[in-house]
Amino acid sequence: MIKISNVSYKISNEFELKELNLTINPGVHHLLGPNGAGKTSLLNLISGLCAVDKGSILIKDLEVDPLNLRALSKVRAYLLQKQTAHFALTVKAMLTITLSLTDKEIDKLCENNIIIKGLDLKPLLNRVITGLSGGETQRAHLARVLLHCAQEINPASCLLLDEPFTGLDVAHKLWLNQYLSLLGECITIIISHHELNLALNLAQPCIIINKGRIHSILSDSRDIERTTLLDVFNLPVAALIETNEGILQIIGI
Amino acid sequence: MLVNNRNIYIALFWLILVTTFATYYGGVSSSSINPFALTEIQSVIIYELRLPKIFTAILVGACLTLSGHLFQILLSNPLAEPGLLGVSSFSSLFIILGAALFSFLNIRYDVFFLILSASLGAFLAVTIIFQLAKILGQYSSSALILSGISLTTFISALTSWLIFYSENDQLRTFNLWLLGSFEHVTYAQLLFISLVALICIVIAMYKSNDLNLLYLGDQNANLYGVKVNRLRKYMLIIASALAACAVALGGVIAFIGLLVPHATRMKFGHDNRFILPILIINGATCMIIIEWISRTSMYLQLPLGLVTATIGGPFFLLILFKHFKNQGL
């Protein structure tokens with residue numbers, strides 16, 4: 001569970017997150033909003049990467065503060081939007097380092113792990129991270145983050161994903177969705193992304209933010225209203241259709 | 001674990017082999033010595049002339065290699081190296097200035113002060129490079145290297161002026177620090193500097209897990225619980241101290257700090273928990289070989305900087321080509 005109370009955070013003179021109040025229970029939550037709405041900033045604040053100007057954030061009972069990073073790293077995992085790589089580590093070395101395991105232990109882990117299988121990581125294990133394609137890089141880092149909060153390895157209670165679908169092909173996207181729904185039964189997951197149709201299809205809670213403020217919090221993402229889509233996301237009316245089941249969909253994306 | 005231990009033993013085996021070889025075999029121009037039939041004069045040659053140089057080579061190689069490796073990780077730049085960043089030249093300049101100051105004040109220039117002035121210079125260089133890179137653009141790879149190059153240029157100009165105005169006697173001392181040489185190293189100096197180096201090495205090994213996470217970038221390391229800014233600050237002090245140790249012993253020796261870490265990482269992987277000891281041993285082995293070449297290949301002693309630059313230049317180009325092909329090392 002994540003509790004955000006009265007959080008303010010100034011990014012620049014023009015833009016700030018203001019007076020955010022949120023309680024996020026276990027389950028998969030979609031964090032939606034147009035570009036520059038403050039999605040990444042909010043995730044940075046929850047993860048402890050940035051310090052709040054005012055207010056407080058609690059993950060379970062742990063105060064989020066850049067001062068207790070070590071303790072925080074055990075209770076949450078966070079996939080950054082952009083990955084930097086300057087050294088030619090192999091994917092395997094990356095996993096060994098982040099999970100603090102030895103080569104043999106990682107071999108054993110990779111043999112039968114659901115995440116490694118689901119993301120088809122086996123052929124990538126001995127490739128260097130600087131030589132991977134965009135989608136492959138995303139898969140490797142996703143595996144790193146998911147393994148970090150896989151319950152049998154490290155029972156973390158919170159998973160933050162910033163645009164995890166970027167670069168993934170359809171099959172891996174599908175697998176990721178299924179895996180996250182499963183994982184969401186025990187931990188809190190927040191996914192920031194732009195796949196509105198996906199959110200409109202799934203009956204999962206969602207948080208819509210716009211211009212640094214919370215626009216609305218819905219317990220079922222299928223309830224996103226037509227006016228919200230038009231106002232917040234600036235969509236033309238013609239782009240919206242309603243399916244036979246009464247679900248809104250955006251055509252042309 | 002087992003496999004990695006074996007790698008360390010193999011590296012150690014090579015180190016011992018090369019050490020023995022360099023001690024007794026004279027190569028083209030100097031005399032070879034049979035270890036089982038030492039005459040009195042030969043044992044003097046070994047204990048007074050060759051062994052101090054070989055021990056110095058071991059220490060300098062280990063210091064430079066570890067220092068280069070640390071700089072590369074801390075500045076997230078695979079091309080960083082104490083020689084390239086101007087750290088070595090800055091600390092050698094400080095040694096010369098320190099010598100001038102001490103002779104002016106008529107105080108004995110002790111090994112402690114030697115290290116102190118070298119470290120001061122190294123640390124100042126790192127600080128300047130960091131400030132420049134910060135102004136130029138967020139500590140980016142190119143900003144760091146460019147500020148390093150500008151600093152090196154500035155220092156070389158300064159040293160050129162010093163040489164221009166120096167007397168013959170002083171010139172020889174300058175040359176020693178600029179081109180690298182293991183002459184005049186005493187056992188006392190070796191002992192003191194090896195103590196400093198040992199402390200630095202132990203600290204670096206103790207922090208190897210945190211250093212590992214820096215491979216994934218500052219933000220990710222932060223997320224895994226590393227206080228990146230603090231780690232960077234302290235480890236940069238360690239890396240500068242190591243570079244200073246090397247400069248205090250043998251002057252500016254370029255490229256070892258770049259080539260050995262690269263070759264080692266390519267062969268043995270990136271995990272600091274395992275490669276730090278291998279790195280140190282390999283650095284020592286390489287330095288002994290270079291020292292041996294400089295001592296034996298011609299009728300007079302070649303400057304070490306000359307040997308490393310001759311071998312290092314082409315090798316550096318090779319790494320550059322590989323770097324641009326794979327977008328990273």
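Colleague: Which residue in the turn of the hairpin formed by β9(A) and β10(A) has a positive phi?

Modeller: The residue is A:K211, with a phi of about 50°. The turn lies in a hairpin of β9(A) and β10(A), which have two residues between them. Please note that this is a predicted model. As a general idea, most residues other than glycine have a negative phi.

Colleague: In which sense do strand β9 and strand β10 of chain A pair, and over how many bridges?

Modeller: Strand β9 (residues 206-210) and strand β10 (residues 213-218) of chain A run in the antiparallel sense, and five bridges link them.

Colleague: Where is the place of A:K60 in chain A?

Modeller: A:K60 belongs to the loop that lies between β4 (54-59) and β5 (62-63) of chain A. Its phi is near 55°, which is a positive value in a residue other than glycine.

Colleague: Does A:K60 count as buried or exposed, and why?

Modeller: The cut-off for exposed is over 50% relative accessible area. A:K60 has a relative accessibility of 52%, and therefore counts as exposed.

Colleague: What is the order of the strands in the open sheet of four strands in chain A?

Modeller: The order is β2-β1-β4-β5, and the pairing is antiparallel. Two of these strands, β2 (16-24) and β5 of chain A, are the edge strands, since each pairs on one side only.

Colleague: How many of the residues of helix α3 of chain A are buried?

Modeller: Helix α3 (residues 91-99) of chain A is mostly covered, with nine of its nine residues buried. Among them are A:V91, A:M94, A:L95 and A:I97, and A:K92 is also buried.

Colleague: Against what do the buried residues of α3(A) pack?

Modeller: They pack against elements of both chains. In chain A these are α4 (103-111), α5 (114-118) and α6 (134-148), and in chain B they are α9 (208-214) and α13 (272-296). After α3(A) comes A:S100, whose phi is positive, near 55°.

Colleague: Where in chain B is the place of B:S76?

Modeller: B:S76 is found in the loop between α2 (40-74) and α3 (82-85) of chain B. Its phi is near 35°, again a positive value in a residue other than glycine. The cut-off for buried is under 20% relative accessible area. B:S76 has 17%, so B:S76 is buried.

Colleague: How many helices and strands are there in chain A as a whole?

Modeller: Chain A contains nine helices and 12 strands. The radius of gyration of the chain is 19 Å, close to the 18 Å given by the globule rule for 253 residues, so chain A is as compact as a globular protein of that length. Its C-alpha atoms fill a box of roughly 55 × 45 × 35 Å along the principal axes.

Colleague: What percentage of the residues of chain A count as buried?

Modeller: Of the 253 residues in chain A, 55% count as buried. The accessible surface of the chain comes to about 11400 Å², and 51% of this area belongs to carbon and sulfur atoms.

Methods. Residues numbered from 1 in each chain as written. Chains lettered and ligands numbered in written order. Predicted model: local features only at pLDDT ≥ 70, side-chain atom pairs only at ≥ 80, totals over all residues. Heavy atoms only, no water. Rg over C-alpha atoms; globule rule 2.2 N^0.38 Å. Buried < 20%, exposed > 50% of the residue type's maximum accessible area, 1.4 Å probe, protein only. Areas by Shrake-Rupley, 256 points an atom, 1.4 Å probe, with all protein chains shown as cover. Contact = heavy atoms within 4.5 Å. Pairing = 2+ DSSP bridges.
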